[in-house]
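Open the model in your viewer and keep the selection panel at hand. This tour moves from stop to stop, with a residue or element to pick at each.

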Amino acid sequence: MDYRFLIDTAIDLINKRYTNTSPPVSGDTVCAIYAGNGRIYTGINTYVVQGNIPNNIHAEIDAINKMRADGETKIIAMTVFNSCNVSPILPCNGCINLIFSLNYENTGAVVLLHNGAMNIT
């Protein structure tokens, strides 16, 4: 299957996120997930401070939380983009572990990168 629509969604999200605002900073990311229910869920990273401790909530977590709010746990394909250079990156190990823990079928999920797609098994 051609998942180009996910890459286009991520790039559009970057463009909308930084229109009429400050440019992205190092670590800013966006995520687009094509879920088992056929919907696309998007997420952006956010910075929060709890106490005096800064924390970066990953874009993957934001998108997954939206997906879970709809009762969905299956991920068919996803892409994560670095907002600074508008290029796809791999999800971190923590996010991959969360993806696997949501649904055993996610071991067959596809991650889209600049040179094609790969399974995250």
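Helices (H or I, at least four residues) and strands (E, at least two) are DSSP runs, numbered from the N terminus. Keep in mind that this is a predicted model.

**Stop 1: a loop residue**

Select Val-86. Look for this residue in the loop between E5 and strand E6 (87-89). Check its backbone: phi is positive, about 50°, although Val-86 is not a glycine. Is Val-86 buried, exposed or partly exposed? Its relative accessible area is 37%, so Val-86 is partly exposed.

**Stop 2: strand E5**

Now select Ile-75, which is found in strand E5. Buried means under 20% relative accessible area. Ile-75 has 1% relative accessibility, so it counts as buried.

Which residues does Ile-75 touch, leaving out those up to four places away in sequence? Show Ile-33, Tyr-34, Ala-35, Ile-64, Met-67, Ile-99, Asn-106 and Ala-109. The C-alpha atoms of Ile-75 and Gly-43 are 14 Å apart in space, and the two residues are 32 apart in sequence.

**Stop 3: two packed helices**

Two packed helices are described by the angle between their axes and the distance between the axes. Select H2 and H3. They pack at an angle of about 15°, and their axes are 10 Å apart. Angles under 35 degrees count as roughly parallel, and that makes H2 roughly parallel to H3. The crossing of H2 past H3 is left-handed.

Show side chains at the contact. On H2, pick Glu-60, Ile-61, Ile-64, Met-67 and Arg-68. On H3, pick Cys-95, Leu-98, Ile-99 and Leu-102. Colour them by class: 7 are nonpolar, 2 are charged and none is polar.

Among these contact residues of H2 and H3 are Ile-64, Met-67 and Ile-99. Ile-64, Met-67 and Ile-99 are also on the list of residues that Ile-75 touches.

**Stop 4: salt bridges**

Side chains of opposite charge can pair when their charged atoms come close. How many salt bridges does the model have? The count comes to 4. Three of them follow.

Select Asp-70 and Arg-39. Their side chains meet in a salt bridge, 2.4 Å from N to O. This pair links distant parts of the chain, 31 residues apart. Asp-70 sits in the loop between helix H2 (59-69) and strand E5 (75-82). Arg-39 sits in the loop between strand E1 (29-35) and strand E2 (40-44). Asp-70 is partly exposed, at 41% relative accessibility. Arg-39 is partly exposed as well, at 43%.

Go back to H2 and select Asp-62 and Lys-66. Both lie in helix H2, 4 residues apart, about one turn of the helix. Asp-62 is partly exposed at 21% relative accessibility. Lys-66 is partly exposed, with a relative accessible area of 39%.

Last, select Lys-74 and Glu-105. They form a salt bridge too, its closest N and O atoms 3.7 Å apart. This pair links distant parts of the chain, 31 residues apart. Lys-74 is in the loop between H2 and E5. Glu-105 is in the loop between helix H3 (93-102) and strand E7 (110-113). Lys-74 is partly exposed, with a relative accessible area of 27%. Glu-105, at 37% relative accessibility, also counts as partly exposed.

How values were computed
Residues are numbered from 1 along each chain as its sequence is written. This is a predicted model: local features need pLDDT of at least 70, side-chain atom pairs count only at pLDDT 80 or more; totals for chains, interfaces and linings use all residues. Side-chain values use heavy atoms; hydrogens and water are left out. Buried means under 20% relative accessible area, exposed over 50%, partly exposed in between (1.4 Å probe, protein chains only). Axes are lines fitted to C-alpha atoms, for helices over the stretch in contact, and angles run from 0 to 180 degrees between N-to-C directions. Angles under 35 degrees count as roughly parallel, over 145 as roughly antiparallel, 65 to 115 as roughly perpendicular and the rest as oblique. A crossing is left-handed if the near helix is turned anticlockwise from the far one by less than a right angle, and right-handed if clockwise. Contact means heavy atoms within 4.5 Å. Ala, Val, Leu, Ile, Met, Phe, Trp, Tyr, Cys and Pro count as nonpolar, Asp, Glu, Lys and Arg as charged, and the others, Gly among them, as polar.
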